[in-house]
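Some comments on this model follow, as numbered points. Please read them with the coordinates open.

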Amino acid sequence: MYKARLIMIDDEEAFCQAMEKRLAHRGLEVLTAYNGADGLKKFDEHPEVDVVLLDVKMPGMDGIETLRRIKAAHPIIEVIMLTGHATVDSAIEGMKLGAFDYLMKPCDIDILVTKVEEAAKAKRDHQTKILEAVGKELRGERAR
């Protein structure tokens, strides 16, 4: 079975540490960052990441701005927004910017794991379609 790889970006360190243990126990590879800027740096170091768990409310660069930058640099990465302070506006903005889903904290760990696995599958499916399209294009050029 495929092991999803994710980055959790959240300014609440205790929450991150607890979630990292719980998610790792369920077979996921988890990296953590405690703010948006550090989360973006993690992508440079770990381009193999499938999914981002992203807190909406963070000091400095908030989750919406971090999502905007993630999608600009890594459009096929799937992002699940997490918040303890949900607003309809932030949920709508996140979904418009390409978030895969939007969950309230605390969320059921089994639901979260299912969402992460669904998001990782969606990312892999996007990658496969891109590779197939590139392969068809290259075969078409060779046939000329």
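1. The expected span of a helix is 1.5 Å times one less than its number of residues. The model discussed here is a predicted one. Helix 1 has 13 residues, and from its first C-alpha to its last it reaches 18 Å, close to the 18 Å expected at 1.5 Å a residue.

2. Which residues of helix 1 are buried? They are Phe15, Cys16, Met19 and Leu23. Seen down the axis of helix 1, these buried residues fall within an arc of 95°, so they line one face of the helix. An α-helix has 3.6 residues a turn, so residues three or four places apart point the same way.

3. The other side of helix 1 has Ala14, Lys21 and His25 exposed. Just after helix 1 comes Gly27, with a positive phi of about 90°.

4. Asp10 sits in the loop between strand 1 (5-9) and helix 1 (13-25). Is Asp10 buried or exposed? Its relative accessibility is 1%, and because the cut-off for buried is under 20%, Asp10 counts as buried.

5. The side chain of Asp10 makes a polar contact of 2.7 Å with the side chain of Lys105. Leaving aside neighbours within four places in sequence, the residues in contact with Asp10 are Phe15, Cys16, Ala33, Tyr34, Asp55, Met58 and Lys105. Phe15 and Cys16 are also among the buried residues of helix 1.

6. Arg139 belongs to helix 5 (residues 109-143). With 52% relative accessibility, Arg139 counts as exposed, the cut-off being over 50%. Arg139 and Ser90 are 49 residues apart in sequence, and their C-alpha atoms are 44 Å apart in space.

Note on methods: Residues are numbered from 1 along each chain as its sequence is written. This is a predicted model: local features need pLDDT of at least 70, side-chain atom pairs count only at pLDDT 80 or more; totals for chains, interfaces and linings use all residues. Side-chain values use heavy atoms; hydrogens and water are left out. Helices (H or I, at least four residues) and strands (E, at least two) are DSSP runs, numbered from the N terminus. Buried means under 20% relative accessible area, exposed over 50%, partly exposed in between (1.4 Å probe, protein chains only). A polar contact is a pair of N or O atoms within 3.5 Å; within protein, one must be able to donate a hydrogen and the other to accept it, and residues adjacent in sequence count only if both atoms are side-chain atoms. Contact means heavy atoms within 4.5 Å. The arc is that of the directions from the helix axis to the C-beta atoms.
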